[in-house]
Amino acid sequence: GTTPTALGFLPSAVNAVSYGYGINDRGQVAGYSTAADGLLHATVWNGTTPTELGTLPGGFQSFAVGINDRGQVVGYTDINGSNIATIWNGSDPTNLGTLPGGISSEALGINDLGDIVGYSFINGGTFDAVVWTPVTAVPEPSTWAMLLLGFAGIGFMAYRRKAKPLDQWWSALNFATIRSSNVKFSPHASVALRSAPSMVKK
């Protein structure tokens, strides 16, 4: 539509400003707002209700730029004057890091698969476009043990019940499923940019 809606600011903010930079198909908006401490903090709005996302440890201010349909938010945190690419899952920030030799980075967009784009500033004056790809951690030995036990159980049940219904097979397989929320991100360089000033107004 063409009707503007004011999203407001974080609670208790004085002389506040707020900016929206990304929106997903659920209508959630990512941006930033002045917080109660007078600094700018990454923010997500659900309707006109803002939620502060916080910063990385040691961070001064934070800025959200993109959000996907899973509600994952990307942007960056200002740490001692250097921007560091950040992803928020809920209000939990994760440092995305930089390319080798990089001294700063910004995440500018994320798709529904969790792939993140942005850039990294390399010591020496080069801005490189970057894509961060989520990498699921390798299961620990205890997880592999549970997996083997699960398959052993399936084999035993197959011996006992040769005509086992398919839906029961899948139920048994669930015991052998590897589940891990420990996801890291691997940065990959893309095309070098001539210049890439911050996309976000401070």
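These are my notebook entries on a predicted model of one protein chain.

**Entry 1: overall layout**

I started with the element count: the protein chain has two helices and 12 strands. Reading from the N terminus, I get β-β-β-β-β-β-β-β-β-β-β-α-α-β. I then looked up burial, and buried residues make up 36% of the 202 residues. For contacts with a separation of 6 or more, 42% come from residues 24 or more positions apart. The exposed surface comes to about 11,700 Å², and carbon and sulfur atoms supply 57% of it.

How many of the seven residues of β3 are buried? I find six, so this strand, residues 40-46, is largely enclosed by the rest of the structure.

On one side I looked at β2, residues 29-34, which pairs with β3 in the antiparallel sense over six bridges. A30 has V44 of β3 as its bridge partner. The β2-β3 hairpin has five residues between the strands, and G38 there takes a positive phi near 85°.

Next I went to β4, residues 49-52, which runs antiparallel to β3 and is joined to it by four bridges. Here N46 has T49 as its bridge partner. The β3-β4 hairpin has two residues between the strands, and G47 in the turn shows a positive phi of about 65°.

**Entry 2: the open sheet**

I traced a sheet of four strands in the order β5-β6-β7-β8, open and with antiparallel pairing. Which strands stand at the edges? They are β5 and β8 (92-95); each has a single partner strand, so one side of each is left without a neighbour in the sheet. From one strand to the next, the twist averages 35°.

Inside the sheet I checked β6 (residues 73-79) against β7 (residues 82-89), and the two pair in the antiparallel sense over seven bridges. D78 of this pair stands opposite N83 in β7.

**Entry 3: I67**

I picked I67 because it lies in β5, residues 61-67, one of the edge strands. Is I67 buried or exposed? Its relative accessibility is 9%, under the 20% limit, so I67 counts as buried.

I listed the contacts of I67, skipping residues up to four places away in sequence: G22, I23, N24, Q28, A30, V44, Q72, V73 and I110. A30 and V44 on that list are the bridge partners from Entry 2. For V44 I also noted the spacing: 23 residues from I67 in sequence, and 8.9 Å in space, C-alpha to C-alpha.

The largest core here has 11 residues: V74, A85, I87, L96, L99, A107, I110, I116, I122, V130 and W132. Which elements give two or more residues to this core? I get β7, β9 (102-110), β10 (116-122) and β11 (126-136). There is also a second, separate core of eight residues, with A30, A42, L53 and V73 among them.

From the largest core I opened up A85. Beyond four places in sequence, A85 touches G75, Y76, T94, N95, L96, G97, S105, E106, A107 and W132.

**Entry 4: aromatic pairs**

A search of the whole structure gave me seven aromatic pairs. One of them is F121 with F127, tilted, at 4.7 Å centre to centre and 45° between the planes. Both of these phenylalanines are buried. I also found Y19, Y21, Y32, F63 and Y76 forming one aromatic cluster.

Most residues other than glycine have a negative phi. I therefore looked up exceptions to that general rule.

S12 has a positive phi, near 70°. S12 lies in the segment before β1 (18-23), and at 59% relative accessibility S12 counts as exposed.

N80 has a positive phi as well, near 55°. Where is N80 found? N80 is in the loop between β6 and β7, and this residue is exposed, with a relative accessible area of 73%.

Conventions. Residues are numbered from 1 along each chain as its sequence is written. This is a predicted model: local features need pLDDT of at least 70, side-chain atom pairs count only at pLDDT 80 or more; totals for chains, interfaces and linings use all residues. Side-chain values use heavy atoms; hydrogens and water are left out. Buried means under 20% relative accessible area, exposed over 50%, partly exposed in between (1.4 Å probe, protein chains only). Contact means heavy atoms within 4.5 Å. Rings of Phe, Tyr and Trp (its six-membered ring) pair if their centres lie within 6.5 Å; planes under 30 degrees apart count as stacked, over 60 as edge-to-face and the rest as tilted. Two strands pair if DSSP finds at least two bridges between them. Axes are lines fitted to C-alpha atoms, for helices over the stretch in contact, and angles run from 0 to 180 degrees between N-to-C directions. A nonpolar core is a set of buried Ala, Val, Leu, Ile, Met, Phe, Trp, Tyr and Cys residues joined through side-chain atoms within 4.5 Å. Accessible areas come from the Shrake-Rupley method with a 1.4 Å probe; for residues, only the protein chains shown count as cover.
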